[in-house]
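Take a look at the picture first, then work through the notes below.

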Amino acid sequence: MPTRLTVPPRPEELEVSILGPGYGESIAVHIGDGRWVLVDSCVEPTSRGPGSVQYLRQMGLDVSQCVEMVVASHWHDDHVRGIAATLRDCTNAKFAMSGALLRGDFVKLVERYGNPMMQESSGLDEFAQVFDILQARKQAGSFMNSPKLAIMDRTLLQLSI
């Protein structure tokens, strides 16, 4: 996962970077003008932090300002491990996830088995933490306080030009 890129893309450039150990990758997409979308998460083995966040910081970017959206494409531990830390660091980012993940059974599982005190987190733990972050944002009056549900034919992020 380590890379030597230290210069961010130019404002007019589109960049798609795939980060990860060969399974459970995360994707960092520069959508122009210094704005980014992070899809999924993987944990960098050395720092144990989210690889995509580390990648942006390595270029000197402030992830609390430059990340527009964090997306959880699906619930597999190797794709969501670190997604709560990513969302926590990307304080101005909206959060999007599959509409299937808000079904009652999934929410009940998260409430029942999501335990952030576990030494090795699971997808349930990650989503429990994500829901806690979103709830805290709601209580603080943030407009980024509920997940945007990814369903067919729905725009997740509208860019203003």
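How many helices and strands does the secondary structure of the protein chain come to? The count is six helices and six strands, where helices (H or I, at least four residues) and strands (E, at least two) are DSSP runs numbered from the N terminus. Keep in mind that this is a predicted model: local features need pLDDT of at least 70, side-chain atom pairs count only at pLDDT 80 or more, and totals for chains, interfaces and linings use all residues. Residues are numbered from 1 along each chain as its sequence is written, and side-chain values use heavy atoms, with hydrogens and water left out.

**The chain as a whole**

- Starting at the N terminus, the elements go β-β-β-α-α-β-α-α-β-α-α-β.
- Of the 161 residues in the protein chain, 42% are buried; that means under 20% relative accessible area, while exposed is over 50% and partly exposed is in between (1.4 Å probe, protein chains only).
- Take the contacts (heavy atoms within 4.5 Å) with a separation of 6 or more: 60% of them come from residues 24 or more positions apart.
- The protein chain has an accessible surface of about 8900 Å², and 53% of that belongs to carbon and sulfur atoms; accessible areas come from the Shrake-Rupley method with a 1.4 Å probe, and for residues only the protein chains shown count as cover.

**The inside**

- The largest nonpolar core has 25 residues; such a core is a set of buried Ala, Val, Leu, Ile, Met, Phe, Trp, Tyr and Cys residues joined through side-chain atoms within 4.5 Å.
- Trp36, Leu56, Val67, Val70, Cys90 and Phe95 have the most contacts inside this core.
- Among the elements giving two or more residues to this core are β3 (35–39), α1 (51–58) and β4 (67–72), but α6 gives the most, with four residues.
- Set aside the neighbours within four places in sequence, and Leu56 touches Trp36, Leu38, Leu61, Val63, Cys66 and Val67.

**A look at helix α6**

- With 17 residues, α6 reaches 24 Å from its first C-alpha to its last, close to the 24 Å expected at 1.5 Å a residue; the expected span is 1.5 Å times one less than the number of residues.
- Buried residues of α6 include Leu124, Phe127, Val130, Ile133, Leu134 and Arg137.
- Gln135 also lies in α6, and it counts as partly exposed because its relative accessibility is 39%.
- Just after α6, Gly141 takes a positive phi of about 85 degrees.

**The outside**

- Leu14, Val16 and Ile18 make a nonpolar surface patch of about 350 Å²; patches are made of residues with over 30% relative accessible area and no salt bridge, with like charges joined within 9 Å and nonpolar side chains (Val, Leu, Ile, Met, Phe, Trp, Tyr) within 5 Å.
- Ile18 sits in strand β1 (residues 15–19) and counts as exposed because its relative accessibility is 63%.

**Salt bridges**

- There are four salt bridges, each a side-chain nitrogen of Lys or Arg within 4 Å of a carboxyl oxygen of Asp or Glu.
- Arg10, Glu12 and Glu13 are linked in a network of them: Arg10 meets Glu12 at 2.9 Å, N to O, and Glu13 at 3.3 Å, N to O.
- Arg81 pairs with Asp77, their closest N and O atoms being 3.8 Å apart.
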